[in-house]
Amino acid sequence: MIKYVQQANTSDEVSRKVERIIAGGRTDYQEYLIFQSAVHGVCISIDGDIQSCESDEGIYHEALVHPAMLAHPAPERVLIMGGGEGATAREVLRHDCVRQLVMVDIDREFVALCRRHLPKWSQGAFDDPRIEVRYQDIRLYLQECMDRFDVVIGDLVDLRHPDSSAASLYTRDFYAELKRHLNQGAIVVTQGGALVTEDLENHNQIRKTLASNFRYIDSYGTVVPSFYHLWGFVVASDNPLPYRHEQGFFTARSKERGIFLPALGETALDASCSLPRIIQHKLR
């Protein structure tokens, strides 16, 4: 996502400057750094890129989770792909209709680090009896499991290069395999990277691969201050997405379910579906 810096020379770099290292090292799968920054509080970096910051992780995770959860009439079984901090699980479990949540993250050590150093981010989600955490490759999990889900949430690292380790999680074949594990009317959502006018290649690639397996595709976005971009998400389903046909849908549905969004807000969630025209024109 966004680079962190050890030395700061500009105002932007000051906000990402490492003031104090909380934990750092390398697991079997990735290099990590949990540190205190000058502006954004505690931050998580994976392989040199900022993944989440204390100051605004609520904005990101509320935007990632709630559109799909609210668009589905009654999501009972949910799958999270990735989500090691536990914040995505935290947001899913706020929906009382959820009966089972499966979180599949390949990196057991990183999840343990987040539970140890960032307990406020998960807010007890890992102790909820509805959650099952599986530590394995999501592709292997899908090959082995027989479960079907109502909502699937991809809280994965960015698709930055076609030959990166994450690229296989954004392919047509991967989504085809995922689709075999969906109930009728299921909704899939994934983070889609920065929505910047001069470069939408990665976001459009995600849209393209989802469109090869699902009938309805939509992009939305919200500003995450520590990312310094309008951040994009892609949602897919074989059923029409109801929020596209009802003004103020998320505000109304949040009220019905008793969901309050303290970081993003219900009105801003509705507004996230109204992308700037210049970006709409460049989405394929």
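User: Why does Ser-254 count as buried?

Analyst: Buried means under 20% relative accessible area, exposed over 50%, and partly exposed in between, with a 1.4 Å probe and protein chains only. Ser-254 counts as buried because its relative accessibility is 1%. This is a predicted model, where local features need pLDDT of at least 70, side-chain atom pairs count only at pLDDT 80 or more, and totals for chains, interfaces and linings use all residues. Residues are numbered from 1 along each chain as its sequence is written, and side-chain values use heavy atoms, with hydrogens and water left out.

User: Where does Ser-254 lie, and which residues is Ser-254 in contact with?

Analyst: Helices (H or I, at least four residues) and strands (E, at least two) are DSSP runs, numbered from the N terminus. Ser-254 lies in helix H9, residues 249-257. Contact means heavy atoms within 4.5 Å. Setting aside neighbours within four places in sequence, Ser-254 has contacts with Leu-70, Ile-259 and Glu-266.

User: How many residues of H2 are buried?

Analyst: In helix H2 (residues 57-71), 15 of the 15 residues are buried, so the rest of the structure largely encloses H2.

User: Which strands pair with E9?

Analyst: Two strands pair if DSSP finds at least two bridges between them. E9 pairs with strand E6 (residues 77-82) in the parallel sense over five bridges; there, Gly-82 stands opposite Asp-155. Five bridges also join E9 to strand E10 (residues 182-194), again parallel, and Val-152 has Val-188 in E10 as its bridge partner.

User: Is E9 mostly covered or exposed?

Analyst: Strand E9 (residues 149-155) is mostly covered, with seven of its seven residues buried.

Key: The expected span of a helix is 1.5 Å times one less than its number of residues.
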